[in-house]
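My entries follow in the order in which I looked things up.

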Amino acid sequence: MTVFRSVLASSARVNMMNVFREVVSRPCSRYWVTEERAAIVISSIMRGTYAPLGKDKHDMYMSLYRRFLETRSLCPNLPYQELIFLSVNSPAPRFFLSPSLAKTIINGVRYAKR
């Protein structure tokens, strides 16, 4: 919602689909996936058994896997779960959502507060 409000405030002319496109392309504070799910998917990528779900999820998990490898190379003695925790809670390059899914989520939050 913070990114949505920021994009909306900085837009001279408001085309909501353009706002949602801009929102999902912005960097994000973390990867929005549970540590448990991230551990399962990263393990399957490492074993070579990962089956992509959809483009956005695939891109997110591959980005997260690269972050996991970077973290592991910097801290090789950390346990697997700690590496997962650090990776998931590190900044993500973007929200891995389609603009239409972002619209659904944001509108759900906006209208639930009324």
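I began with burial: 32% of the 114 residues in the chain are buried (under 20% relative accessible area, with exposed over 50% and partly exposed in between; 1.4 Å probe, protein chains only). The model is predicted, so I note that local features need pLDDT of at least 70, that side-chain atom pairs count only at pLDDT 80 or more, and that totals for chains, interfaces and linings use all residues. Residues are numbered from 1 along each chain as its sequence is written, and side-chain values use heavy atoms, with hydrogens and water left out.

I then looked up the overall fold. The chain has six helices and zero strands, where helices (H or I, at least four residues) and strands (E, at least two) are DSSP runs numbered from the N terminus. I found that the C-alpha atoms fill a box of roughly 50 × 25 × 25 Å along the principal axes. Of the contacts (heavy atoms within 4.5 Å) with a separation of 6 or more, 67% are between residues 24 or more positions apart.

Next I turned to the rings. I found four aromatic pairs in the structure; rings of Phe, Tyr and Trp (its six-membered ring) pair if their centres lie within 6.5 Å, and planes under 30 degrees apart count as stacked, over 60 as edge-to-face and the rest as tilted. One of them is the stacked pair of Phe 4 and Phe 20, at 5.8 Å centre to centre with 10° between the planes. This pair links helix H1 (residues 2-10), which holds Phe 4, to helix H2 (residues 16-25), which holds Phe 20, across 16 residues. I noted both Phe 4 and Phe 20 as buried.

Another entry concerns Phe 68 and Tyr 80: the ring centres are 5.6 Å apart and the planes stand at 70°, so the pair is edge-to-face. Because Phe 68 lies in helix H4 (residues 55-74) and Tyr 80 in helix H5 (residues 80-88), the pair ties together parts 12 residues apart in sequence. Phe 68 is buried at 1% relative accessible area, whereas Tyr 80 is partly exposed at 29%.

Last, I examined how helix H3 (residues 35-47) packs on H5: the angle is about 110° and the axes are 10 Å apart (axes are lines fitted to C-alpha atoms, for helices over the stretch in contact; angles run from 0 to 180 degrees between N-to-C directions). H3 is therefore roughly perpendicular to H5 (65 to 115 degrees; under 35 is roughly parallel, over 145 roughly antiparallel and the rest oblique). Among the H3 residues that meet H5 I listed Ala 38, Ile 42 and Met 46, and on the H5 side the residues include Tyr 80 and Ile 84.
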